[in-house]
Amino acid sequence: MNLLKSALFSASALYALASLQGPANASPGRIQRVDSAETRPISPVDLKTRARPNILLVLADDMGYSDLGMFGSGIRTPNLDSLARRGLLFTQFYNEAKCTESRAALLSGRPSRAVLARAPLDSNVDSPLAPEIPTLAEALQAQGYDTYISGKWHLGERPDQWPDKRGFAHSFSLVTGASSYFEMRMREAQDDPAQSSFWPSKPFMIKDGARWPIPQSGFFMTDAIADTAREMISEHSRLDSGKPFFLYLAFTAPHFPLHAPAEDIARYKGKFDSGWSTWRDRRLTAMKTAKLLPPGTKLASMPASIPGWETIQDKGEWARRMEVFAAQLDRLDKNLGKVISELKATGQYDNTLILFLSDNGAASMSPEAMARDFGYVIPGAQIGSRESNTAYGEPWAAVSNTPLRSYKQSLYEGGMRTPMIAFWPEGLKRRGTTSVPGQINDLFPTLVSLAGGDSVPAATNGVNLAPLFSGRQVPSAERFWAYRAYRAVRLGQWKAVSPDNGKTWQLFNLANDAGENMDLAGSHPDRVRSMASDWMAWSLAAGKPYEKK
C-alpha cells in the first residue's frame, strides 16, 4: 500500500509529504502525489469542547432542484425534509453539472477540468481522477478517520483507480456510471466496447478491492447501497477503534433507468396525471410559500421542444414515467432513514455531521435516446419493471428543475444548482436556510477543517464553510465553472454564462431572475467584460484541462 495511504500525519503536515516520490522500483499503480507539496492554511474548528464529528456525506444522482418533498414536489421525502428543517439548508449550492465532474471536484477540492485524466472533449467516455491528485478520503485518513464508501464511484474503472486505492479503507461500489437497479446491465452486447460510443463498459461492482457478483435474485441497487452503509456503521461501532468515521454514501437514484419496486410506484398512481405545466406551477407556489425563493421569482421559459400536456396522446405512459421517478427518490429517502436509524442504534447519531446534495440537475435524456444509446428494450415491458429501460424525458426534467433553466450538462442554473443540507445535532449552531452560495469543492476544506486539520493542498480552491455552521460569516467569493463548451462565473447576485467557449456571454441577475429569463449583457457590457476576464484568469490559474503525461 502507498506510504501516503498507510501513514497518519499531523494536522500541520497533512500534505507536506505529498511531494514524496515512491521508491525507484515502485510497482505499477503506486500513487505518488507530486502536485500538492504546497499547502494553504485553513482555520481548524475548536475541538476543545467536543469530539471530532463522524461525517456522513450523502450524494443523490440526477436529482432536480425542486424534487424534495418540502419543495412541493409531491414526492415523499420525510427524512430529508426533516434534516433540512432541523438543520441548515443551502438554497444556492452548486455542483459541476455532471456525475463524474462533480465527484472529481468533491473528492479533490479542485475544478474537475484540472483533475480528470479526461478523454477528448467531444467524447462521451468518462475519465478517471488523475492518479497524483490527493483525495478527501486520504485527507481525512491523515486526520485519523476510518474511511468508507458505499455507492457509485465513477472515477476510474481499472483496479488501480478503484476507491480502495484512493483512500477508502472499506468500499462497496458500482464502479461504472450507471446500471439497471436489478442487475448489472445497461445495454445489449455491452461486453463489446465497439457496440456503444456512449457507455463502452459493462457495469460491475466491487467490495473491498475485489469484484463483487450481485445476487441472482432479490437485489435492488438503492437497498444494497444503504444496507451496506448500515453494516459499515454497525461494524465501526463494534470495533470501537476510538476513531471518527467518514462515510461517503453515493446513491445511484434517481438516475436513469426508471426502476423502482412495484409497491413504491403504486403509492404515486395518478399523482401526476395533471401534467408537467401544472406541477411546475405547484412547485413554484410551494417554494415561494416556504420562502425558499424570492416572492417575485418566475419560472424559466418552457422550452419549445416540450409539448403542451393537452396535446399528447399517451398521457398515461408519460404520467407513469414520473410516478416511477418519484418512487426512486422515495426509496432513497426511505433507505436514508434506515441509515440514520443505525446511527441512533449505535449511539453515533448526535455527533455525526450529515450532508446531502445532488451531483447535478435533472437529466433531460429522452426515452428515444435511451433506446438508441443504451440499447435494450423489451416490447411491452411495464415502465419501472426489471425488464424496462427508459427515462422520464425533458418534460419531467423541467418539472424537477423548477424554476430553473436547462438541465444536467449545462451551466445554466438547472444544470448545476442543488439544495445542500447540513445536519449535525451536537455541532450545528446555525439552522434554517441560507442563500450564501456554496460549491461542491468547498466540502474538501470544510470537512478537513471540521476534522481538526489546519491545511489543505494549495491547489484546492474551495471555501471553508465551517464557520457558517457556528453562525459566523464566510468571505464572499467569485465562483467559476467550466464544462465542455460552457463557461460560467458568479459574483454576488450576478452570473455570466457562455455556452460557446466564450464567443458570446449572457448576464443574469439571480436576485430576481433565478430562471435566467432576462439577458442583461447588452445593458451591462463592462460587467460582462470584467467577469469574462475573471473567468479567463481563473482558467489559467486553475490549469489547463488535465493532459495525461
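Tutor: Contact means heavy atoms within 4.5 Å. This is a predicted model, where local features need pLDDT of at least 70 and side-chain atom pairs count only at pLDDT 80 or more, while totals for chains, interfaces and linings use all residues. Residues are numbered from 1 along each chain as its sequence is written, and side-chain values use heavy atoms, without hydrogens and water.

Student: Which residues of H2 and H9 meet?

Tutor: Pro78, Asn79, Leu80 and Leu83 in H2 meet Leu332, Asp333, Lys334, Leu336, Gly337 and Ile340 in H9. By class, that contact holds 6 nonpolar, 2 polar and 2 charged residues. Asp, Glu, Lys and Arg count as charged; Ala, Val, Leu, Ile, Met, Phe, Trp, Tyr, Cys and Pro as nonpolar; the others, Gly among them, as polar.

Student: Why is Ser410 called buried?

Tutor: Buried means under 20% relative accessible area, exposed over 50%, partly exposed in between (1.4 Å probe, protein chains only). Ser410 has 2% relative accessibility, so Ser410 counts as buried. Ser410 touches Ala97, Gly415, Met416 and Tyr486, not counting residues up to four places away in sequence.

Student: What makes S4 mostly covered?

Tutor: 7 of the 7 residues in S4 (residues 146-152) are buried. A strand here is a DSSP run of E, at least two residues; a helix is a run of H or I, at least four; both are numbered from the N terminus.

Student: How do you know that S4 and S8 pair?

Tutor: Two strands pair if DSSP finds at least two bridges between them. S4 and S8 (residues 245-250) have 6 bridges, in the parallel sense. One of the bridge partners is Leu247 in S8, for Tyr148. S4 also runs parallel to S5 (residues 170-174), joined by 5 bridges.
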